[in-house]
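Subject: Structure handover and notes

Dear colleague,

I am passing on the structure below, with notes on what I found in it. Please read the notes with the coordinates open.

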Amino acid sequence: MTDPATTPAPAAPQGDPSLLLRALEPDHRFRCDACGNVTRFDVTVTATTRRFHHFDLGGDSRVEEEEVLEQTVRSVVCRWCGREDAITVEPAPVAGT
Ligand SMILES: [Zn+2]
């Protein structure tokens, strides 16, 4: 039985790709438990996307729309201390408070 209200620390997300993905949403963030960094990470993501390529008659193209169909976070590394095994995901503080 795990009650989120009484769990002292977020679960280590390594091995739980869906939790790592959640940190990419605006209401969550990564935290490095080793050094306290919450702002700078190297995030390796594998993504399947659908792009609208707009070609000109010469064959050059540019991407005008891109939709992410599926993505998986492969690794998250702290830019400050280089740790990969100390990254957790936590709710982001509410902006403006
Ligand atoms: Zn760190």
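Is Asp42 buried or exposed? Asp42 is exposed, because 11 other C-beta atoms lie within 10 Å. The cut-offs are these: a residue is buried if 20 or more other C-beta atoms lie within 10 Å of its own, exposed if 12 or fewer, and partly exposed in between, with C-beta atoms placed from the backbone.

Basis of the notes

This is a predicted model, in which local features need pLDDT of at least 70 and side-chain atom pairs count only at pLDDT 80 or more, while totals for chains, interfaces and linings use all residues. Residues are numbered from 1 along each chain as its sequence is written. The average pLDDT (the predictor's confidence in each residue, from 0 to 100) is 87 for the chain, and 81% of the residues score at least 70. Over residues 7-12 pLDDT stays under 50, and the model has 6 contacts for them beyond four places in sequence. A contact here means that the C-beta atoms of two residues, placed from the backbone, lie within 7 Å. Where pLDDT is low, the predicted coordinates should not be read in detail.

Overall layout

The chain has 1 helix and 4 strands, in the order α-β-β-β-β from the N terminus. Helices (H or I, at least four residues) and strands (E, at least two) are DSSP runs, numbered from the N terminus. Of the 97 residues in the chain, 13% are buried. Taking the contacts between residues at least 6 apart in sequence, 66% join residues at least 24 apart.

Strands 2 and 3

Strand 2 (residues 41-55) is hardly covered, with a buried count of 1 among its 15 residues. Strand 2 pairs with strand 3 in the antiparallel sense, over 15 bridges; pairing requires that DSSP finds at least two bridges between two strands. Phe55 has Ser61, in strand 3, as its bridge partner. The hairpin of strand 2 and strand 3 has 5 residues between the strands, and Gly59 in this hairpin takes a positive phi near 100 degrees.

Asp42, mentioned above, is in strand 2. Apart from residues up to four places away in sequence, Asp42 touches Val77 and Arg79.

Gln71 lies in strand 3 (residues 61-78). Gln71 is partly exposed, because 14 other C-beta atoms lie within 10 Å. Leaving aside neighbours within four places in sequence, Gln71 is in contact with Leu21, Val45, Thr46 and Ala47. Gln71 and Pro17 are 54 residues apart in sequence, and their C-alpha atoms are 9.6 Å apart.

The core

Which residues make up the largest nonpolar core? This core has 10 residues: Leu20, Ala23, Phe30, Cys32, Phe41, Val73, Val76, Cys78, Ile87 and Val89. Two or more of them come from each of strand 1 (28-32), strand 3 and strand 4 (87-91). Strand 3 gives the largest share, 3 residues. A nonpolar core is a set of buried Ala, Val, Leu, Ile, Met, Phe, Trp, Tyr and Cys residues joined through C-beta atoms within 7 Å. In soluble globular proteins, nonpolar side chains tend to be buried together.

Val89, a member of this core, is found in strand 4. Val89 is buried, because 24 other C-beta atoms lie within 10 Å. The C-alpha atoms of Val89 and Cys32 are separated by 8.8 Å, at 57 residues apart along the chain.

The loop between strands 1 and 2

Val38 lies in the loop between strand 1 and strand 2. Val38 is partly exposed, because 14 other C-beta atoms lie within 10 Å. Not counting residues up to four places away in sequence, Val38 touches Arg29, Phe30 and Arg31. Val38 and Thr88 are 50 residues apart along the chain, with their C-alpha atoms separated by 9.6 Å.

Regards
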